[in-house]
Amino acid sequence: MSKAETLSQNILSAAIENQASDIHFYPFDSNTTIYFRIHGKRTLYQSITRNLYESLLTYYKFTSGMDIGEIRKPQNGTLLHSTNSEKFSLRLSTLPVNQLESLAIRILPQNQNLSLEQLFLFKEQLIKLKQWMNRRSGLILISGPTGSGKTTTLYALLESALKDESYQTITLEDPIEKNIQDILQVQVNEKAGISYQTGLKAALRHDPDIIMVGEIRDRGTAKFALEASLTGHLVLSTIHAKNTQGTIHRLLEMGLTPIELDQSLIGISSIELLPIISSNPKMKRAAILEILDGDLLNNIIFSKQTDLTYYKHSFDYLRKKALRYGFITEDTYKSL
């Protein structure tokens, strides 16, 4: 085993042991600093020499399928990593900075089969999501920041639905974060001509009942997802937004009209992860869901209502509820 490979094993083992979701490499002239993202917070791990980092970067680029000679453009790659009991998919991304390259690694566990009940702080919110999944057509959106569990939630929803009934289900993802049995998963690859738009158009020819679009990133993808939802398909997707009202604003900015949203949207669920008080050392955070559907959703789409302060599924209400039930501390509540 080479020195770079040994170092890689040590870093990955430490990251997994500390339940890190990401590893960040910050290169400078003489050394490179390594950080772990643990439960949403960046934590210093160690520093290594520049020469050692360059060897490690070359090793990662080679094993993940990147171009070793390309240092001027950002690149992406994927890598599988296994321990004695678990498997992980690693999503690697390089970024040119000051004649060097930084590296970020997202760690995606493949053995974690968390049920919907295990993901969220308030189990009654799941009733809403499961009701949405009983619809045969329409658009369901999960929003939130990076690393908040949007895709994990979509996977759990799909697996829950497939336990109850057999659906022709197709996903379009970039990248595929987890392999799921009985689902056709398509890897989006812009270089190969498979964009979200072209992949979605092809998927519609396979007679799907449910389509999952990994992320709505632009107007074209949003338009296709909306049209698919209006032609007899249940479409699930994610979008980056702070909350449910922010999700609506993003969709309107992408060129969708209030009438189109009113006709297609089943509901929007935004996710926020809370650091909770728990006796389980592996359970440091749980999710709360800000949920919009029905008349309230329509009122916000058409700007008839903007204040959700006292709505029982608003983030503000749920944070207070979490504090009242003793799930979070006073300091945590004040910091949110």
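Is Leu336 buried, partly exposed or exposed, and what is its relative accessible area? Leu336 is partly exposed, with a relative accessible area of 40%; buried means under 20%, exposed over 50%, and partly exposed in between (1.4 Å probe, protein chains only).

This is a predicted model, in which local features need pLDDT of at least 70, side-chain atom pairs count only at pLDDT 80 or more, and totals for chains, interfaces and linings use all residues. Residues are numbered from 1 along each chain as its sequence is written, and side-chain values use heavy atoms, with hydrogens and water left out.

Let's stay with Leu336. It lies in the segment after helix H12 (330-335); helices (H or I, at least four residues) and strands (E, at least two) are DSSP runs, numbered from the N terminus. Beyond its neighbours within four places in sequence, Leu336 is in contact (heavy atoms within 4.5 Å) with Glu272, Leu274, Arg319 and Ile328.

Now for a pair of helices. Their axes are lines fitted to C-alpha atoms over the stretch in contact, and angles run from 0 to 180 degrees between N-to-C directions.

| Helix pair | Angle | Axis separation |
|---|---|---|
| H1 (residues 3-17) and H2 (residues 50-63) | about 85° | 9 Å |

H1 is therefore roughly perpendicular to H2, a label for angles of 65 to 115 degrees. H1 brings Lys3, Ala4, Glu5, Leu7, Ser8, Ile11 and Leu12 to the contact, while H2 brings Leu52, Ser55, Leu56, Tyr59 and Tyr60.

How values were computed
Parallel < 35°, antiparallel > 145°, perpendicular 65-115°, else oblique.
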